[in-house]
Amino acid sequence: MSSLDAGFYFIEDENVPMHVGSVLVFDGPAPSYGDVIRLFMSRLEHVPRYRQKVKALPFHVGRPVWVDDDHFNVLYHVRHTAVPSPGGEDQLRNLAGRIFAQKLDDSKPLWEAWLVEGLEGGRWAIISKVHHCMIDGVSGTDMLQLMLDFQKESVVPEPAQWKPAAQPSTLDLVVDGVRDAVVTPVQHLAALPALARNLRSLNEILDFGKSVLGSLPGTARRLVTRAATSLNGPIGPHRRWVWARASLAEIKQVRRAAGGTVNDVILTAVTRGFRDLLEKRGELIDGMVVRTMVPVSMRKADQHNELNNRVSAVLVNLPVGEADPVKRLASIRTQMDDLKNSRQAAGADVITNLSNFAAPTLMALGSRTAMRFPQQILQTVTTNVPGPRIPLYMLGRPLVEMFPYVPIASTIRITVGIFSYLDKFTFGINADFDGVPDVQLLADGIRAGFDEMVALAAEKDEQG
């Protein structure tokens, strides 16, 4: 495992299951459970990690390693269930919330897929869970496309023969782990001259340093701005999971009228959602912000279809204390432009990679301690993963919608996952069950945020 993957593995506990997930909704009729099993079996050779489990080393003398599961059984991982017909969206969300709250069995390959029947309109769904130590949002999208088809005609070949590789002994893994703990930092140090050669000039190095250092005052101001820390708190084992929707057409309409990027408009709508939530709680004040971590993919074009994590992140203040939606959008646009110009995502990636120099034992201890130490710097995570713009199918049935699930951890009680498919955006909002009983206000507020911006854009269009 890489240091980042290992970090996601180490921080998991009973109250913090660290899997990402999704709910895929298809038009019917639902396939048989046997057909779904055969489909997965035929595609598993393309995702070998799905037949591997994690083996941690004693005292974490080395990073956890992936080994073939010699007792792999696809029937354990692909499951079958139903909601009472006709099941509406509430029934599907409640079922998914219960499934997402359950920790994956770390003695087996870290994934599950649930075939769900009984949805209204003759529809059915697949609920998917994959541990975050295996994938990030982008590689998760790549993985889903391996399970889905780009055309309606589905071909399910006979599964290839598979024989698990012999597992290395614990002694061999310990020896390799100790060697890795010594050699890996040296390898990263040795790579620094090559990295320096890849930079065009000393001026480029200086420019990078200046842009990062020059952004520090702005970053400091964002960190000291009064945040809605009432959103932070301890989390339990149960989850509430709700969703919202938007269309690409209305986002483009807002962009034409007010400027900014697609992501700027989306973050502005999310800001309205948190504003409504805090206002209904009686906690909203002028100038207040909700500070969110926005993951940024560092995956290169030739690194797709790799099951691992290649992400960095930036911090953005969502201006919930601002009543004017136009000013909210302008504030977010200014911050995002500043973050891009200052290359803070790249700088954060460098800092993340410093964990490659840490001994695995210290990494495990540090990861777990960090997740248990109360913090009020961040209130939420907002991650936007671009999906395919062409129709996808499973066993000849069209994929209609896809809703993302992003885990919560530490004292962050709410996360917002955003996924785009065709010309639609879907929002999967995950919250601690006891700490955020009013999470539907956030989902409704996000939708209201789009409605108010579209109305203002239409008014501006009418005025010419």
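## Strand E13 and its partners

In this predicted model, strand E10 (residues 380-385) and strand E13 (residues 414-421) run parallel and are joined by six bridges. Within that pairing, threonine 382 has valine 416 of E13 as its bridge partner. Strand E14 (residues 424-432) is joined to E13 by eight bridges, and these two strands run antiparallel. In the hairpin formed by E13 and E14, two residues lie between the strands, and leucine 422 takes a positive phi near 55°.

## Burial of E13

In a regular strand, side chains alternate between the two faces of the sheet. In E13, Ile414, Val416, Ile418 and Ser420 point one way, whereas Thr415, Gly417, Phe419 and Tyr421 point the other way, and all are buried. The strand is accordingly described as mostly covered, with eight of its eight residues buried.

Rolling a probe the size of a water molecule over the atoms shows where empty space is left. The structure holds three cavities of 30 Å³ or more, and the largest cavity has a volume of about 130 Å³. Its lining is made up of 15 residues, of which Phe40, Ile126, Ser128, Leu144 and Met147 are the closest to the centre.

Strand E5 (111-119), strand E6 (124-131) and helix H5 (137-147) are the elements that each give two or more residues to the lining of this largest cavity, and E6 provides the largest share, four residues. By class, the lining of the largest cavity comprises twelve nonpolar, one polar and two charged residues.

Notes
Residues numbered from 1 in each chain as written. Predicted model: local features only at pLDDT ≥ 70, side-chain atom pairs only at ≥ 80, totals over all residues. Heavy atoms only, no water. Buried < 20%, exposed > 50% of the residue type's maximum accessible area, 1.4 Å probe, protein only. Pairing = 2+ DSSP bridges. 1 Å grid on protein atoms, 1.4 Å probe; cavity = no way out; pocket = protein on both sides within 12 Å on 5 of 7 lines; lining within 4 Å. Points joined across faces, edges and corners; volume = space filled by probe spheres on them. Nonpolar A, V, L, I, M, F, W, Y, C, P; charged D, E, K, R; others polar.
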